[in-house]
Amino acid sequence: MTDIPAPRHIPDRLDKPLRSAIFSWEALLVVVAVAIFAINSFASPYFLDPYSLSDLTFNFTEKGLIAFAMALLIISGEIDLSVAAIIALASTMMGMAVQAGAGTPVLVAIGIVVGLGCGAFNGLLVTRLGLPSIVVTIGTMSLFRGIAFIILGDQAYKGYPQSFAFFGQGYVWWVVSFELVLFLIAAVVYWFLLHRTSFGRRVFAIGNNPIAAQFSGVRVGRTKFILFCLTGLMSGIASVLITSRLGSTRPSIAQGYELEVITMVVLGGVSILGGAGSILGVVLAAFIMGLVTFGLGLLNVPGIVMSIFIGLLLIIVIALPIVWRRLRGGR
Amino acid sequence: MKAFLKYREIWLFAAIVVLIGLISTRFPAFADPGNLRQVFNDTSILMILALGQMVVILTRSIDLSMASNLCFTGMVVAMLNAAHPAIPIPLLIVIALVVGLVLGAINGLLVWRLNIPSIVVTLGTLTIYRGATFVLSGGAWVNADKMSPDFIGFQRAAFLGIPVLSWIAILVIALFFVLMTRTALGRSIYAIGVNPTASVYAGIDVGRTKFIVFCISGMIGGLSGYLWISRYVIASVEVANGYELNIIAACVIGGISIAGGIGSVGGAVLGALFLGIISNALPVINISPFWQMAISGSAIILAVVLNARGERQQGRIILRKVEA
């Protein structure tokens with residue numbers, strides 16, 4: 001190995017097309033959301049109804065809760081593909097507890113603690129052993145869901161207590177569901193955490209340049225560990241909500257959620273390369289995804305076809321600013 | 001570097017031998033050459049897919065859309081075969097390659113021309129391609145009774161005592177070996193993974209090379225589409241749902257670094273074989289197939305932990321190394 005003189009300007013990253021678009025990103029999302037809302041109300045007479053709109057929120061609240069923590073994790077330059085598997089494992093554990101006669105408070109505690117534990121396990125593997133998170137969480141994704149499959153096989157847990165149903169089916173006031181309230185509270189908490197605390201600044205610093213952050217006195221490993229725990233925690237909470245809403249547990253519960261959560265985060269303007277993003281963007285992206293799936297659902301479009309729209313939306317919303325800038329800048 | 005790579009694959013090979021040994025203590029017939037040939041044949045499609053994924057991962061990219069590509073292309077050839085049984089199988093395979101190539105080129109163009117990170121692009125196309133399968137088929141299945149005997153029988157025909165499917169896998173392995181070790185493109189792919197900036201200075205067109213690797217993984221996805229459908233004789237929207245992660249798992253177990261630049265054809269093949277042996281062995285030694293997911297998950301984690309020492313730190317200073 002020979003040292004050659006390094007060029008004077010060394011970029012942190014080779015390409016960061018999202019960086020300059022981020023300032024208008026939320027504006028773009030608002031436009032998209034309003035457009036989809038308008039199209040929906042024209043397309044279906046059932047759309048503009050408080051009860052319909054309330055149902056709509058269930059399409060994104062659970063995934064949105066995870067998306068907040070995932071946004072922080074992705075901003076810090078890591079990723080967690082195991083969130084849906086954590087939901088499955090936590091739900092299975094709650095199912096086992098029900099069989100053992102546990103009450104509602106215990107069930108909620110189990111769901112949250114299992115989620116937190118799984119997140120901590122991911123965090124330990126990534127930060128202590130210095131492993132790439134995408135691979136670790138592909139592994140733990142199989143492991144966590146695999147354990148759920150070992151315990152349940154082709155069976156299902158049922159018989160959740162009546163009081164447990166409140167979390168996923170209950171309403172706090174009129175058409176405002178408990179899930180929606182939780183989603184809004186989490187949005188405020190994560191907005192404050194990311195944009196108003198030194199912890200949030202550290203997350204951005206790590207995402208932009210982990211080495212510089214380390215030399216600036218940021219405890220990179222510990223911060224990332226906390227973020228993995230948070231993601232696990234939110235998955236645990238989501239597991240409580242989903243299990244409560246469905247009233248049963250199968251090992252295939254929440255299959256494929258991880259990709260929808262990540263789509264939500266990326267659509268919200270969080271750079272998949274780390275270092276940039278906002279909670280407001282994620283909230284808007286959650287609304288947009290909920291609007292698209294619900295609106296298409298009212299028009300009897302099958303779920304698999306909806307996924308085409310979500311996929312196209314993801315690519316187009318990210319490609320548009322790049323194409324536009326190139327046309328305008330002539331480059 | 002090269003000695004180290006060999007070292008890693010020897011260890012994986014040894015692990016596979018030990019695994020087969022352990023299984024045969026409980027079920028001696030497993031280590032039978034005839035049965036091992038069967039395992040190889042069963043794993044052929046995963047091996048082919050893992051090689052396609054490998055070239056993408058080597059350039060620090062990822063292709064999450066391979067399984068959806070497989071599903072879509074499989075549906076195309078199955079519907080073609082059901083509607084026009086007269087189309088000869090070699091032509092169908094060419095069609096599968098072309099359809100797969102187009103889907104891969106879409107990924108590649110978005111990554112190359114618009115500079116969108118590959119994980120975002122293929123996350124989008126993953127859902128789009130599978131959704132397109134539904135639109136194409138109208139949600140209907142193509143069952144075995146609608147497929148022509150040639151369509152189903154082609155890969156099962158024995159040549160020199162080995163099924164054609166295995167021969168296709170061997171051919172693909174050989175092609176990738178030549179590509180990665182004997183061509184300038186192969187060297188460029190490694191170079192981009194090790195150091196993209198230095199590759200630019202060395203005159204490699206990084207964007208275009210990434211486009212080419214996505215075309216390769218697309219063609220592989222298309223080829224596997226035909227092989228998968230004719231093997232499991234059913235084409236539906238659910239085909240290979242979630243399989244993209246198995247493909248990446250095979251690569252990871254095979255020692256291919258997700259950070260790019262490290263990995264070999266032998267590793268990808270052995271990684272796929274490792275997973276194939278586990279899935280073939282579980283029913284034989286009377287373990288519920290429900291264990292498979294957890295076992296392969298543990299294998300992935302173990303593989304990354306063991307491979308971690310060889311992988312470089314992320315976010316390191318660019319242009320530090322000249323060689324390698």
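The model is predicted, so local features need pLDDT of at least 70 and side-chain atom pairs count only at pLDDT 80 or more, while totals for chains, interfaces and linings use all residues. Residues are numbered from 1 along each chain as its sequence is written, and chains are lettered from A and ligands numbered from 1 in the order in which they are written.

Chain B has 13 helices and two strands (DSSP runs numbered from the N terminus: H or I of at least four residues for helices, E of at least two for strands). Here are some overall values.

| Chain B property | Value |
|---|---|
| C-alpha box along the principal axes | roughly 60 × 50 × 35 Å |
| Residues that count as buried | 51% of 324 residues |
| Contacts joining residues at least 24 apart, among those at least 6 apart in sequence | 78% |

"Buried" means 20 or more other C-beta atoms within 10 Å of the residue's own, and "contact" means C-beta atoms within 7 Å; both place C-beta atoms from the backbone.

Now for the partner: 47 residues from chain B meet 51 residues from chain A. On the chain B side, α5 (118-137), α9 (196-201), α11 (243-253) and α13 (292-307) each give two or more residues, and α5(B) gives the most, with 14 residues.

Helix α5 of chain B also holds Thr133(B). Thr133(B) counts as buried because it has 25 C-beta neighbours inside 10 Å. Beyond its neighbours within four places in sequence, Thr133(B) is in contact with Cys71(B), Phe72(B), Met75(B) and Val237(B).

How values were computed:
Contact = placed C-beta atoms within 7 Å. Buried ≥ 20, exposed ≤ 12 C-beta atoms within 10 Å, placed from the backbone.
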